[in-house]
Each structure stands twice: as C-alpha cells, then as structure tokens.
Amino acid sequence: MNRWVIVILALTSMALAQDRTDKQSIRYSVVGDSYSCGEGATPEESWPVLLTRLLNSEGVKVELVSNPSVTGWTTKDAIDRELPLFLKSKPNFATLLIGVNDWVQGVDESAFRKNLVYLLDQMLSVLPDKKRLLLVTIPDFGVTPTGPKYARGRDTSQGISRFNEIVSEEAKKRGLTVVDIFLLSKKMGADRSLVAKDGLHPSAKEYAEWEKIIFPAALELLTNRQSKI
C-alpha cells in the first residue's frame with residue numbers, strides 16, 4: 001500500500017476518533033439564582049463548578065458552558081434573562097435550582113408552578129436526552145442567622161417545603177431526577193461554619209456538602225453507573 005494512502009487513512013481514523021470524542025463530551029448549562037452562582041463563596045467554590053470538576057476526575061468529559069445565575073433572581077427572571085442564554089448554549093446536560101426568591105417576594109404557588117413548568121419544558125426542548133435535566137430542591141435559608149428577617153412573619157420552612165413539593169411534582173410528571181438538599185441545608189442552623197459572612201448564604205463548605213449528594217445523581221444520569229465515592 002502506498003505510504004501516502006496509509007498516512008491519509010491514519011489521519012482519517014484520528015479525525016473520526018476525535019469526532020467521536022467530541023460527541024461524547026457533555027455540554028453542561030445551569031439555570032438558577034444565588035445558590036447556583038455561589039453567592040457567599042467564590043464562583044470556583046460554587047457547586048456547579050465543583051460538580052464539573054469531579055465529573056471530569058471520574059472520566060466524564062464535562063464542560064460548564066453556561067451559568068448566568070444571579071443572586072435575587074426569580075423564576076420570571078430566569079425565563080426572561082437566563083433561558084435565552086441557556087437555549088443558545090446548546091447543552092446536553094443541565095441543572096435547575098430556582099424558587100427561593102419567588103417565595104421571598106410573595107409569588108403565589110400557582111404563579112410559581114406556571115413559571116417552573118415553562119422553564120422545565122423550554123429547557124427540555126433543547127436537550128437531546130430528556131432525562132438529563134437534574135433538579136435540586138430549594139434549601140431552608142430560614143435557619144441562617146439573618147434568614148428570618150426575609151420571612152415577614154411567615155413560616156419559612158413550611159413555605160419552602162411547599163415550593164419543593166411543586167418542584168418534585170413537576171419533575172415526576174417528566175420523569176426527571178430530583179436531588180433534595182433541603183434537610184442537609186438545615187445543618188446551617190447549628191453549624192456557623194456552613195454559613196457565609198453575610199449570615200444568609202451558604203459558605204464554601206456548605207456548597208461542597210451539597211455537591212457531594214448532587215454528584216452521584218449526576219454521574220448516574222450521565223453514565224448509568226453509580227459513584228463509589
């Protein structure tokens with residue numbers, strides 16, 4: 001065989017291998033609020049960044065391509081300001097943690113559900129695998145030192161629990177996985193090291209704790225294998 005033919009075949013094989021690798025890579029996009037952008041810590045200490053890093057260490061090629069989460073944003077803000085960026089990022093894996101600011105601002109359950117449904121369905125519309133949208137429940141900020149001042153006389157734990165029920169109900173309708181960090185977040189009430197200096201948001205240590213229980217669900221979702229960590 002002519003050596004140039006051999007070279008061409010080798011290069012073609014390399015190109016096909018690279019193409020297969022590129023197709024296998026995970027484009028990860030985030031929709032959320034302060035809890036997803038890492039408010040109270042640094043962006044590098046946010047749980048989506050930690051999740052991306054650990055998945056890669058486990059041999060799952062993941063790139064965090066979009067995380068426009070902003071402190072204070074509601075589901076309506078996510079629809080108006082995050083969703084367009086999410087759709088443009090062409091992800092094949094996504095996470096959603098949203099709703100705390102809806103509750104703080106007095107958005108009622110029906111409006112929250114309506115916005116959540118729209119977000120879910122729009123996010124799913126661009127995901128090739130409709131199971132690769134991972135939902136995370138809203139933490140209980142009411143246990144933090146400054147959390148009660150945002151309750152305005154309401155029961156924070158009860159209110160957030162109800163919103164989390166809505167998240168779980170809508171996820172179940174679509175066969176989506178939900179990671180529940182609500183109970184874990186309550187530890188912020190007894191351990192000040194889990195709370196940021198602002199007395200409200202999680203510290204880097206708390207975000208790392210969330211990531212520990214989000215990671216196994218993400219790994220199984222992306223690879224069909226369970227974590228040994």
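Reader: At what angle do α6 and α7 pack, and how far apart are their axes?
Author: This is a predicted model. In it, α6, residues 109-126, packs against α7 at about 35°. The axes are 10 Å apart.
Reader: Is the crossing left-handed or right-handed?
Author: Right-handed, as α6 passes α7.
Reader: Which residues meet there, α6 side and α7 side?
Author: α6 brings E109, F112, R113, L116, V117 and L120. From α7 come R162, F163, I166, V167, E169, E170 and K173.
Reader: How many of those are nonpolar, polar or charged?
Author: The contact has 7 nonpolar and 6 charged residues, and no polar ones.
Reader: Now R174. Where does R174 lie?
Author: In the loop between α7 (156-173) and β5 (178-179).
Reader: What does its side chain reach?
Author: The R174 side chain reaches the backbone oxygen of E170, at 2.8 Å. E170 is also among the α7 residues that meet α6.
Reader: And beyond four places in sequence, what is R174 in contact with?
Author: V117, L120, D121, L124 and K131. V117 and L120 also belong to the α6 side of the helix contact.
Reader: Zooming out. How many helices and strands in the chain?
Author: 9 helices and 5 strands. In sequence order the pattern reads α-β-α-α-β-α-β-α-α-β-α-β-α-α.
Reader: What share of the residues is buried?
Author: 46% of the 229 residues.
Reader: What about contacts with a separation of 6 or more: how much comes from residues 24 or more positions apart?
Author: 77% of them.
Reader: Last one, what is the accessible surface?
Author: About 11400 Å², with 55% belonging to carbon and sulfur atoms.

Technical notes
Residues numbered from 1 in each chain as written. Predicted model: local features only at pLDDT ≥ 70, side-chain atom pairs only at ≥ 80, totals over all residues. Heavy atoms only, no water. Helix = DSSP H or I, 4+ residues; strand = E, 2+ residues; numbered from the N terminus. Buried < 20%, exposed > 50% of the residue type's maximum accessible area, 1.4 Å probe, protein only. Contact = heavy atoms within 4.5 Å. Areas by Shrake-Rupley, 256 points an atom, 1.4 Å probe, with all protein chains shown as cover. Polar contact = N/O pair within 3.5 Å; in protein donor to acceptor, adjacent residues only side chain to side chain. Axes fitted to C-alpha atoms, helices over the stretch in contact; angles between N-to-C directions. Left-handed = near helix turned anticlockwise from the far one by under 90°. Nonpolar A, V, L, I, M, F, W, Y, C, P; charged D, E, K, R; others polar.
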